[in-house]
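The following exercises are to be worked through with the sequence and the structure in view. Each task is followed by a solution in steps.

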Amino acid sequence: MGDETTESKNKARLAIMELANMISVPMSLNAVVRLNVPDAIWQGGSNTPLSPVQILSRVLPSGGGDPENLQRILRMLASYGVFTEHLDSSDSPERRYSLTDIGKTLVTDVDGLSYAPYVLQHHQDALMRAWPLVHEAVLDPTSEPFVKANGEAAYSYYGKKPEMNGLMQKAMSGVSVPFMRAILNNYDGFKGVKRLVDVGGSAGDCLRMILQKHPHVNEGINFDLPEVVAKAPEIPGVTHVGGDMFKSIPAADAIFMKWILTTWTDDECKLIMENCYKALPVGGKLIACEPVLPKESDDSHRSRALLEGDIFVMTIYRAKGKHRTEDEFKQLGFSVGFPHFRAFYFDYFYTVLEFQK
């Protein structure tokens with residue numbers, strides 16, 4: 001193996017130790033969310049650096065908790081940029097912590113939203129049981145690790161567990177709202193649209209935001225499974241329609257969807273997109289917001305987040321569902337008849353993909 005004292009060998013051993021222990025990162029993130037640490041530090045915007053003892057006094061007002069173990073978690077997450085660690089200039093060993101911009105994404109906003117439910121949703125017991133079986137997606141891609149671990153597909157499993165389903169919807173809202181604000185402030189593709197369908201629109205949050213920004217859209221159709229739209233709230237200008245996107249999609253000037261294509265195989269995506277094509281007039285648009293992989297792999301935060309998300313899809317939702325490159329999306333569109341394609345990179349994770357008939 002050669003000289004094990006060289007810098008490259010030392011770095012390699014250190015790197016594999018970090019990778020092998022990396023489960024500490026998401027589990028610690030899950031822990032601080034469960035303990036409500038971000039909101040405790042934020043306190044309406046003060047973000048005053050607090051010691052673990054002070055944090056515990058806020059999250060456990062009746063007393064209790066181990067400040068030393070909390071500090072161990074906070075120190076590790078500070079190394080990943082979630083918290084800023086403040087050390088007194090004196091000889092005092094006390095460490096205090098405030099939120100970085102990353103940490104602030106976990107703070108509950110005035111609408112009750114944050115990325116915290118997204119963290120919790122990813123680490124529920126049923127999902128955690130699937131992760132030791134990731135290798136099974138290579139050995140047998142006909143069934144997802146989630147199915148092998150839990151006996152049924154994720155979406156049907158969620159449907160039988162109201163708490164899981166509710167957490168997933170809250171997680172999606174927490175992720176969707178900031179992204180939708182970015183789209184609505186930068187994308188002009190909704191101009192001239194009178195009738196808009198949101199495929200897989202869940203509770204209709206995205207349609208509500210689009211109609212508020214673009215009042216010329218006088219009819220919004222929130223299209224999802226019948227059991228989903230049955231629970232959707234009333235929204236002015238929005239009609240909730242139950243159906244199956246693999247069979248047909250309501251006619252419209254434009255069709256919007258977000259994080260739909262990534263959970264399906266290429267053949268399934270083609271069927272969805274064919275139904276979109278049939279539902280649109282000449283000049284109509286399919287506006288799909290999806291994670292788009294870079295052409296080449298690198299060690300940037302963006303590439304890692306997208307590639308990690310791809311493994312999540314493979315493990316939990318569909319073994320052959322996947323994140324795709326821009327060219328792969330473009331070719332899917334061409335294969336079902338869309339002659340025009342554009343991609344807009346307003347957000348670092350989701351890309352707006354415009355297919356025009």
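**Exercise 1. The chain as a whole**

How many helices and how many strands does the secondary structure of the chain have?

*Solution.* This is a predicted model, in which local features need pLDDT of at least 70 and side-chain atom pairs count only at pLDDT 80 or more, while totals for chains, interfaces and linings use all residues. Residues are numbered from 1 along each chain as its sequence is written, and side-chain values use heavy atoms, without hydrogens and water.

Step 1. The secondary structure comprises 17 helices and 10 strands. Helices (H or I, at least four residues) and strands (E, at least two) are DSSP runs, numbered from the N terminus.

Step 2. Along the principal axes, the C-alpha atoms fill a box of roughly 70 × 55 × 40 Å.

Step 3. Of the 357 residues, 43% are buried. Buried means under 20% relative accessible area, exposed over 50%, and partly exposed in between (1.4 Å probe, protein chains only).

**Exercise 2. Threonine 262**

Determine where threonine 262 is placed and which residues it touches.

*Solution.* Step 1. Threonine 262 belongs to the loop between β6 (254-258) and α15 (266-279).

Step 1. The relative accessible area of threonine 262 is 0%, so this residue is buried.

Step 2. Not counting residues up to four places away in sequence, threonine 262 touches Glu290, Pro291, Val313, Gly321, Lys322, His323 and Arg324. Contact here means heavy atoms within 4.5 Å.

Step 3. The side chains of threonine 262 and histidine 323 are joined by a polar contact of 3.5 Å. Such a contact is a pair of N or O atoms within 3.5 Å; within protein, one must be able to donate a hydrogen and the other to accept it, and residues adjacent in sequence count only if both atoms are side-chain atoms.

**Exercise 3. Strands β9 and β10**

In which sense do β9 and β10 pair?

*Solution.* Step 1. Strand β9 (residues 340-344) pairs with strand β10 (residues 350-356) in the antiparallel sense over 5 bridges. Two strands pair if DSSP finds at least two bridges between them.

Step 1. The two strands form a hairpin, with 5 residues between them. Histidine 340 has glutamine 356 in β10 as its bridge partner.

**Exercise 4. Cysteines**

*Solution.* Step 1. The structure holds 0 disulfides, a disulfide being a pair of cysteine sulfur atoms within 2.5 Å.

Step 1. The closest cysteine sulfur to that of cysteine 276 is in cysteine 269, and the 10 Å between them is too far for a bond.

Step 2. Cysteine 289 is likewise in no disulfide, since the nearest cysteine sulfur, that of cysteine 206, is 7.9 Å away. Cysteine 289 is buried, at 0% relative accessibility.
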